[in-house]
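Hi,

Here is the structure I promised to pass on. Have a look at it first, then read my notes below.

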Amino acid sequence: MKRSRALVLSVVGALATALGVVWLAPAAYAAGVTASFVKTSDWGTGWEGKYTITNGGTATVNGWNLGFDLAAGTTVGTYWDALLTSSGQRHTFTNRSWNGTIAPGASVSFGFLGSGSGVPSNCRLNGAACTGGTTPTTPPPTTPPPTTPPPTSPPPVTGLPKHILTGYWHNFDNPAVELRLRDVPAEYDLVAVAFADAAGTPGAVGFAIDPGLSASLGGYTDADFSADVRTLQSRGKKVIISVGGETGRVVVNSSASAVAFADSVYALIQRYGFDGVDIDLENGLDPTYMAQALRSLRAKVGSSLIIAMAPQTIDMQNPATSYFKLALDIRDILTVVNTQFYNSGAMLGCDNNAAYAQGTVNFIVALACIQLEAGLRPDQVGLGLPAGPGAAGGGIVAPSVVNAALDCLTRGTNCGSFRPPRTYPALRGAMTWSINWDVTHNTSFARTVSPHLRTLP
């Protein structure tokens with residue numbers, strides 16, 4: 001989320017550029033080059049797989065290709081650290097420019113998502129058996145890892161509607177309209193207070209009403225704010241504290257800082273009455289320790305705790321990267337991920353073959369599809385867009401475009417040229433940065449999107 005009036009992050013469409021690879025005949029490789037496969041997670045209807053290629057020989061490997069078969073009904077989705085070509089049920093991965101050379105004793109790996117119950121078979125590495133003439137596959141685990149439950153697990157009990165509109169409320173003074181919390185328009189179901197930031201002990205966060213905002217409002221105190229939280233809740237709304245933001249300095253990278261984070265957020269919940277927490281750390285996060293922190297907080301608060309996230313688009317391109325991995329690791333307690341579909345430039349969609357331009361239905365749908373096909377439940381996926389000019393540096397769309405993207409994902413209607421592989425009627429809804437910017441623009445975002453959410457399946 002952005003406190004400044006405009007910020008353009010240039011993330012170019014180079015993600016979609018095919019890179020050259022080196023092909024060598026099997027005879028050119030030393031004996032002892034093997035590949036092993038593991039499932040790093042399994043959620044019943046799909047799984048995440050990883051191949052590790054190890055050079056156990058004495059000569060350097062200069063390029064590799066690995067192929068395997070998948071049974072009918074099992075497909076490959078998103079992949080990373082390799083290039084893919086497929087023919088029927090045969091899938092062949094080849095090295096990228098940076099990981100084709102494997103020194104003796106070294107190894108490289110690549111990963112991908114599978115949809116369906118099948119596992120790789122008939123694995124061939126540079127034309128030879130991947131390991132000793134056998135196919136290195138790992139059967140599905142008898143029990144899923146405790147941090148990656150299947151996406152069919154029921155949503156946490158949060159008291160939120162099926163489809164929600166989320167908005168961010170400014171605890172600072174900028175060119176947007178300043179608002180007391182109680183004056184948030186009624187169309188918003190979930191209000192994220194922006195922001196709590198680092199305070200004292202590593203991992204700990206603090207919050208208080210910003211003096212500049214208080215002055216702009218003619219005097220607005222912590223007591224006023226606390227009363228306003230209760231006022232919104234009496235109207236059936238939920239209020240959460242958002243941590244971080246564009247300039248946030250919160251770092252949770254150890255067990256001690258995870259404890260400090262959980263304890264400090266819990267203290268804010270007790271003091272102000274927040275219904276949960278939103279993670280908006282735009283300068284990176286450690287998924288292991290943040291998961292520890294959020295699970296600890298959940299244990300303190302209980303199943304009613306709302307846990308939201310607001311990653312940038314680049315953070316949700318690859319399930320193995322920090323933000324995406326965190327979302328998958330805590331999906332049993334996660335409420336919603338509202339990805340910021342703006343300030344990003346062109347990005348890769350879930351079809352892996354095109355860079356979609358921001359500010360279009362195609363961009364929103366194709367990028368949301370990555371999360372929906374990678375293991376998040378549809379009710380955990382929200383579409384984050386700016387409320388209008390001034391709110392972002394790029395990716396601003398008319399609210400009608402947001403509604404079209406919602407229709408495409410939930411009903412299969414009003415799509416652009418990209419159509420998702422299926423519909424997701426339980427899609428959670430939409431988010432905007434911000435409520436203040438929306439009010440600045442006559443509340444056109446909320447007044448357009450909120451009624452439409454009520455019509456979704």
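A nonpolar core, as I use the term here, is a set of buried Ala, Val, Leu, Ile, Met, Phe, Trp, Tyr and Cys residues joined through side-chain atoms within 4.5 Å. Keep in mind that this is a predicted model.

With that in hand, the largest nonpolar core comes to 94 residues, and W169, L181, F225, F261 and F274 have the most contacts inside it. Helix 6 (residues 361-373) is the top contributor to this core, giving 10 residues. There is also a second, separate core: it has 22 residues, including Y51, L66, L70 and Y79.

Beyond its neighbours within four places in sequence, F274 touches V193, F207, F225, V229, V239, I240, I241, L268 and I269.

Five of them form an open sheet in the order 6-7-4-10-11, with antiparallel pairing. At the edges sit strand 6 (83-87) and strand 11 (128-129), each pairing on one side only. Strand 4 (residues 65-69) and strand 10 (residues 121-125) run antiparallel and are joined by three bridges; G67 has R124 in strand 10 as its bridge partner.

Last stop: which residues of helix 9 (residues 444-453) are buried? They are F445, A446, V449, S450, H452 and L453. These lie on the same side of helix 9 because they cover an arc of only 160 degrees around the axis. Among the elements covering the buried residues of helix 9 are strand 12 (164-170), strand 21 (381-386), helix 7 (399-411), strand 22 (429-433) and helix 8 (435-440).

Cheers

Note on methods. Residues numbered from 1 in each chain as written. Predicted model: local features only at pLDDT ≥ 70, side-chain atom pairs only at ≥ 80, totals over all residues. Heavy atoms only, no water. Buried < 20%, exposed > 50% of the residue type's maximum accessible area, 1.4 Å probe, protein only. Helix = DSSP H or I, 4+ residues; strand = E, 2+ residues; numbered from the N terminus. Contact = heavy atoms within 4.5 Å. Pairing = 2+ DSSP bridges. Arc of directions from axis to C-beta.
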